[in-house]
Amino acid sequence: MKVFKRVLSVILMAALLAFSCVACTKETEATKKRKKVKKTKEKITTTETPDDPDDPDDPTPTPDVFDDTFRVAISLPTKDLQRWLDDGTRMKTQFEEEGYIVDLQYADNNVATQVSQIELMVDSGCDVLVVAAIDGGALRDALDKAKNANIPVIAYDRMLMDTDAVTFFVTFDNYVVGQIQGEFIVQRLNLDAEDGPFNLEIFAGDPADNNSMFFFQGAMDVLNPYIDEGKLVIRSGQTDIYDVCVAAWKTSTAQNRMDALLDSYYSDGEKVDAVLSPNDSLALGITDSLLSAGYDEDDFPIITGQDCDMANVKNIIAGYQSMSVFRDTRILADQTVDMITAIAEQQTVPVNDTVTYNNGVITVPSYLCVPIFADINNYINVLIDSGFYTEAELS
Ligand code: BGC
């Protein structure tokens, strides 16, 4: 038996040696192929050979196999909105082109799902975590786990709140998004020349999403002077963000609120002239509500939006939605790939804002991409010529 074990261990040693040579060759090829990728942490995979699992004295070899592949785990909120699907596809493709292994998951807009998803990602030994939170303040414990495991965390598009476990933030300039929407309403109603008064109703996004505050503030800083002057009138009187917000960015909730506003404040024949909608999912519900109430092309209010989702761009072409702010997911994904490549290479990570985004615990170094205004006059250039949509997709 002893002799047999010795022979076995010699065979295993030889096999191991051969394996490491192959691994070395592979590593060189991989390094050549994608010069960029560098490991930051050693990954150890344990391979057990169950010769005799019941025998505690069995000298089962447990070779450490070096795996140099960089693993990116991505947790996104939902597949329901087109933009998150685009974000996921884009990032996955690009990371894979870089030679990274990608674990992309969607959390079905369910906070508990996202928490356990992130915990599993950490347990599985990812090298970097990318998270677009459903509820920015609900992931503290899961993110602590990542921090304790030395895993850098990128807050993707939405800030992760009340935690020091977030390393970088990559997003669009969210305040500017709101500003663009507010300025559009001012220009379209010609508020610097006209006295009005014009009827405006205001919507805000999910209060659990820190971006909502920025969109709201950016827009209201532009609109408030005209409200104060009386050129813009909010018949409902609802101007507080917590009165006008829409949980989970739900289209149906926005539609119900618009229905209620029309019933309660516009049943006397007064018309709504403009609706501030922070994004496209809300704009869809608001548009459907107005269409059901009988508004048509002749008196359709100005409605703002954000994301340039396909259904909304079609509404822009049909004359129902007035504009959208394009958060080009290609730019955001590219920026995230650059950020993570820099992390992987232990290079300086590109950021362009180190003051704006305090999450309640730390100010997170951020990269803010530039949002782009889109409407009927420039959508061909911004969305079709740039290759984001084909003409056929929008017809
Ligand atoms: C994003 C928007 C998006 C909204 C709903 C926000 O955090 O910045 O682009 O429309 O979430 O998903």
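## The parallel sheet

Six strands build an open sheet in the order 4-3-5-6-7-13, and their pairing is parallel. Strands here are DSSP runs of E with at least two residues, helices are runs of H or I with at least four, and both are numbered from the N terminus. Two strands pair if DSSP finds at least two bridges between them. At the edges lie strand 4 (101–106) and strand 13 (366–369), each pairing on one side only. On average, neighbouring strands of the sheet are turned by 15 degrees against each other, direction ignored.

A word on the model: it is predicted, so local features need pLDDT of at least 70 and side-chain atom pairs count only at pLDDT 80 or more, while totals for chains, interfaces and linings use all residues. Residues are numbered from 1 along each chain as its sequence is written, and side-chain values use heavy atoms, with hydrogens and water left out.

## Pairs within the sheet

Let's look at two of the pairings. Strand 3 and strand 4 run parallel and share six bridges, with Ile-74 opposite Leu-104 of strand 4. Together with helix 2 (residues 82–97), these strands make a right-handed β-α-β unit. Right-handed here means that, with the strands pointing away from the viewer, the path from the first strand over the helix to the second runs clockwise.

Strand 5 (residues 128–131) is joined to strand 6 (residues 153–156) by three bridges, again in parallel. Here Leu-129 faces Val-153 of strand 6.

Contact means heavy atoms within 4.5 Å.

Met-339 counts as buried because its relative accessibility is 0%, where buried means under 20% relative accessible area, exposed over 50% and partly exposed in between (1.4 Å probe, protein chains only). Beyond residues up to four places away in sequence, the contacts of Met-339 include Ile-154, Phe-168, Val-170 and Tyr-367. Met-339 and Val-170 are 169 residues apart in sequence, yet their C-alpha atoms are 8.6 Å apart in space.

## Two buried polar residues

Asn-174 sits in helix 5 (residues 174–188) and is buried, at 0% relative accessibility. Its side chain makes a polar contact with the side chain of Tyr-357 at 3.1 Å. Such a contact is a pair of N or O atoms within 3.5 Å; within protein, one must be able to donate a hydrogen and the other to accept it, and residues adjacent in sequence count only if both atoms are side-chain atoms.

Thr-163 lies in the loop between strand 6 and strand 7 and is buried too, with a relative accessible area of 3%. The Thr-163 side chain reaches the backbone nitrogen of Ala-165 at 2.9 Å.

## Nonpolar cores

The largest nonpolar core has 47 residues, and Phe-203, Leu-223, Leu-232, Met-258 and Ile-286 have the most contacts inside it. A nonpolar core is a set of buried Ala, Val, Leu, Ile, Met, Phe, Trp, Tyr and Cys residues joined through side-chain atoms within 4.5 Å. Helix 6 (residues 210–229) gives the most to this core, with eight residues. A second, separate core of 29 residues includes Met-91, Val-130, Tyr-156 and Ile-340.

How values were computed: Axes fitted to C-alpha atoms, helices over the stretch in contact; angles between N-to-C directions.
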